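Trainee: Could you show me how to read a model like the one below?
Mentor: Gladly; let us look together.

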Amino acid sequence: MIINAETFRDRLVERLAPLKGRFRSVCGPGRSGAIASVYASHFLRIPWLPYRRQIVPMLLQPTLIIDTAIMSGATLRKATRKIIGPSETLALFVEPPRVRFWYEVERYG
């Protein structure tokens, strides 16, 4: 299944709307997590943090760790060990079925 930009945005808004005001920063693992976390940063109006092992300053806690899709949960579990400080995780889509995003699809012509 290919997720277009509009469907991605709609799911992001649906999942993030109830979380407004709960977090002070956001980050995401890998390329897809970076895309979702930048969108979330703008939507929630909170700072975006680069995904790397770091102690999050108290002023930016708690942190939302977001990814586009989850299958086993291993990536988000690993992410919670890298972000040192209070955090919660969120995935926009659950696999299977396998999802691909508009930015992953190659177009020719």
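Predicted model: local features only at pLDDT ≥ 70, side-chain atom pairs only at ≥ 80, totals over all residues.

Trainee: Which residues touch the most other members of the largest nonpolar core?
Mentor: In soluble globular proteins, nonpolar side chains tend to be buried together. A nonpolar core here is a set of buried Ala, Val, Leu, Ile, Met, Phe, Trp, Tyr and Cys residues joined through side-chain atoms within 4.5 Å; buried means under 20% relative accessible area, exposed over 50%, partly exposed in between (1.4 Å probe, protein chains only). The largest has 19 residues, and Phe-8, Leu-16, Leu-64, Ile-66, Leu-92 and Phe-93 touch the most other members. At least two residues each come from α1 (5-16), α2 (30-44), β4 (63-70) and β6 (87-94); helices (H or I, at least four residues) and strands (E, at least two) are DSSP runs, numbered from the N terminus. Another core, of 9 residues, lies apart from it and includes Leu-60 and Ile-83.

Trainee: Is Glu-95 buried or exposed?
Mentor: Glu-95 is buried, because its relative accessible area is 8%. You will find Glu-95 in the loop between β6 and β7 (100-101). Its side chain reaches the backbone nitrogen of Val-99 at 2.9 Å, a polar contact (a pair of N or O atoms within 3.5 Å; within protein, one must be able to donate a hydrogen and the other to accept it, and residues adjacent in sequence count only if both atoms are side-chain atoms).

Trainee: What kind of peptide bond joins Glu-95 and Pro-96?
Mentor: A cis peptide bond, with omega about 0°. Pro-96 and Pro-97 are also joined by a cis peptide bond, with omega about 0°.

Trainee: Which residues are closest to the centre of the largest pocket?
Mentor: On a 1 Å grid over the protein atoms alone, a pocket is an open set of points where a 1.4 Å probe fits, with protein on both sides within 12 Å along at least five of seven lines; lining residues have an atom within 4 Å of a point. Of the 16 lining residues, Asp-67, Ala-69, Ile-70, Glu-95 and Arg-98 are the closest to the centre. The largest share of the lining, 4 residues, comes from β4.

Note on methods: Residues numbered from 1 in each chain as written. Heavy atoms only, no water.
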